[in-house]
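Hello,

Here is the structure I promised to hand over. Please look through it first, then read my notes below.

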Amino acid sequence: MSVISKIIADACSSHNGSRELMERMIFEAAKTGIDIIKWQSFRADKLNKKWPDYKKSLAYYKSVELDEATHAFVMEKCRVHGIEPLFTAFDLDSAKMLYRLGMRTVKIASPDANNWELIDWCLTEFDRILISTGLHTHNEINDLVNRVFDYHEKVTLLHCISLYPTPLDKVNLFHMAALMKVWPSVGFSDHSLGTDAAKIAMNLGAACIEKHFTLDRTMPGKDQSMSSDVDDFKELVEWRNTIKKVMYCAEKDVDKENRKYIGRWNK
């Protein structure tokens, strides 16, 4: 194990389009001691018109879309409350907007892990990129690795299972561990319920842990019921603190008094 995992709270659409709720989420996330709160950057009018229930989906995404001013609002509130903002760019225009607003780290979601136009542009412009791999096969992930290889210092690949929620017997952290053998920075986008899978991923040395975040699982919204709440994130922060205590020390301490036992049974 060579890293202490950063913890990312994924706000998804759990803010329900409310700036008041966005600020509350930022405030509560910051209080837990986690590192990053992530948001989604998309333009609803780019939704594929062939998507099932297009009109209903369009209305929903319109209701939770963040315009440029709201992106700036979120970034400012994160600054005020001392937590790092992160955004997932779902299209090239959104990525360019994020860069224009001063963001230098970006997330690319699983559906776009082979969107070369988006990935190539982000590779050249952003300082750090997180790419989730939940919807792609081993061969497709190999293609991604080859595509971004020359930028390996700035890319974190996220092991992910795109089931919402993910049963524990489908989490497959073995795959994360295998990916860590071929890529220097690997994290875990966790869609399972509870904190067990995330804790194990931390133990394995995941660069970051991302989980959906809500203030209240009973609120309306498609992500609320499977999201982690403030207590879950506090538990993850406490677990990470325990890892720091147990795994890391500046030097190996040797009790001088007990050194008298050296040679007790032989010369």
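**What was found**

D53 is exposed, with 60% relative accessible area. Exposed means over 50% relative accessible area, buried means under 20%, and partly exposed is in between (1.4 Å probe, protein chains only). D53 sits in the loop between β2 (36-41) and α2 (54-64). Its phi is positive, about 55 degrees, although D53 is not a glycine.

Some ground rules before the rest. This is a predicted model, where local features need pLDDT of at least 70, side-chain atom pairs count only at pLDDT 80 or more, and totals for chains, interfaces and linings use all residues. Residues are numbered from 1 along each chain as its sequence is written, and side-chain values use heavy atoms, with hydrogens and water left out.

**The chain as a whole**

The protein chain has nine helices and eight strands. Helices (H or I, at least four residues) and strands (E, at least two) are DSSP runs, numbered from the N terminus. Of the 267 residues in the chain, 47% are buried. The C-alpha atoms fill a box of roughly 85 × 40 × 35 Å, taken along the principal axes. Contact means heavy atoms within 4.5 Å. Among contacts with a separation of 6 or more, 67% join residues 24 or more positions apart.

**Helix α9**

Helix α9 covers residues 230-247, 18 residues in total. From its first C-alpha to its last it reaches 26 Å, close to the 26 Å expected at 1.5 Å a residue. That expected span is 1.5 Å times one less than the number of residues.

Which residues of α9 are buried? They are V230, D232, F233, L236, V237, R240 and I243. Seen down the axis of α9, these buried residues fall within an arc of 165 degrees, so they line one face of the helix. The arc is that of the directions from the helix axis to the C-beta atoms. The face turned away from the buried side of α9 carries the exposed residues D231, E238, K245 and V246. What covers the buried residues of α9 includes β1 (6-10), α1 (19-32), α8 (196-204) and β8 (208-212).

A198 is in helix α8. At 0% relative accessibility, A198 counts as buried. Leaving aside neighbours within four places in sequence, A198 is in contact with F188, D190, I209, K211 and L236. A198 and A113 are 85 residues apart in sequence, and their C-alpha atoms are 22 Å apart in space.

S227 is in the loop between β8 and α9. S227 is buried, with a relative accessible area of 2%. Not counting residues up to four places away in sequence, S227 touches S14, H212, F213, T214 and R217.

**Helices α5 and α6**

Two packed helices are described by the angle between their axes and the distance between the axes. Helix α5 (residues 116-125) and helix α6 (residues 138-148) pack at about 35 degrees, with their axes 11 Å apart. Axes are lines fitted to C-alpha atoms, for helices over the stretch in contact, and angles run from 0 to 180 degrees between N-to-C directions.

Who makes the contact? From α5 come W116, I119, D120 and L123, and from α6 come D143, L144, R147 and V148. The residues of this contact divide into five nonpolar, no polar and three charged. Here Ala, Val, Leu, Ile, Met, Phe, Trp, Tyr, Cys and Pro count as nonpolar, Asp, Glu, Lys and Arg as charged, and the others, Gly among them, as polar.

**Loops to check**

C12 lies in the loop between β1 and α1. Its phi is near 45 degrees, a positive value in a residue other than glycine. At 2% relative accessibility, C12 counts as buried.

The peptide bond from Y164 to P165 is cis, with omega near 0 degrees. P165 is in the loop between β6 (155-160) and α7 (173-180).

K170 is also in the loop between β6 and α7. At 47% relative accessibility, K170 counts as partly exposed. K170 touches I161 and L163, not counting residues up to four places away in sequence. K170 and S192 are 22 residues apart in sequence and 9.0 Å apart in space, C-alpha to C-alpha.

Best regards
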